[in-house]
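Thank you for making time this morning.

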Amino acid sequence: MKFINKIIAAAGLVFAASSLTGCNYNSLVEQQQAVDQSWAEVENQYQRRADLIPNLVNTVKGYAAHESSTFEKVTQARAQATSININAEDLNEETLAKFQKAQSELSQALKSLLAVSEAYPDLKANENFKDLQVQLEGTENRVTTARGRYTQAVAQYNTSIKKFPTNIYAGWFGFTPKPQFQAEAGASSAPKVEF
């Protein structure tokens, strides 16, 4: 009889544990998939931006051939940014920081390239250049939206794996925190404007 009671107690414990973890486990899987999907969208939008750059550079080259150092910086920054591919499972603070740094350097190089247009009125009037600028601006907006969705998905997921009792077994099943985007250096200080 003692042996049967032990088996029943053990079976009850296994059943209780599996019911508790089963419901939350499925929820964690769904949230992890949402993080992975939103990360894929971030990468997709950054890739769209990278795909626009060669056409933009070639258009500017036709008008500003002597701006070769700017073209080289943009080309190098694009190559660096597109060489960093992070699988959603490999996302951590270090890999995200590396990705974000490369994308930031590309953004700075693009700003320099677009600033070149100010010195070339014919370039500014070129329809192809204007169209590429509009596409680039739209892509930057899409990047911002994708990053926002990623941030929301990560916040929900990270909160879920830290809540009790889920935090007890989340690690057992391999649910680890996902990193968030960090503000770029100097983003907290307002730019200096002089008239």
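Before I count anything, a word on terms: helices are DSSP runs of H or I with at least four residues, strands are DSSP runs of E with at least two, and both are numbered from the N terminus. Please keep in mind that this is a predicted model, in which local features need pLDDT of at least 70 and side-chain atom pairs count only at pLDDT 80 or more, while totals for chains, interfaces and linings use all residues. Residues are numbered from 1 along each chain as its sequence is written, and side-chain values use heavy atoms, with hydrogens and water left out.

On that basis, the protein chain has six helices and zero strands, so that reading from the N terminus one simply finds α-α-α-α-α-α. Of its 195 residues, 33% are buried, where buried means under 20% relative accessible area, exposed means over 50%, and partly exposed lies in between, with a 1.4 Å probe and protein chains only.

Now to the charged pairs. How many salt bridges does the structure hold? There are four, a salt bridge being a side-chain nitrogen of Lys or Arg within 4 Å of a carboxyl oxygen of Asp or Glu.

One of them joins the side chains of Arg78 and Asp51, at 4.0 Å from N to O. Because Arg78 lies in helix 2 (residues 68-83) and Asp51 in helix 1 (residues 2-63), this pair ties together parts that are 27 residues apart in sequence. Arg78 is partly exposed at 23% relative accessibility, and Asp51 is partly exposed at 43%.

Another salt bridge links Lys101 with Glu105, whose closest N and O atoms are 2.9 Å apart. These two residues sit four apart in helix 3 (residues 93-116), and so about one helical turn separates them. Here Lys101 is exposed, at 52%, whereas Glu105 is partly exposed, at 38%.
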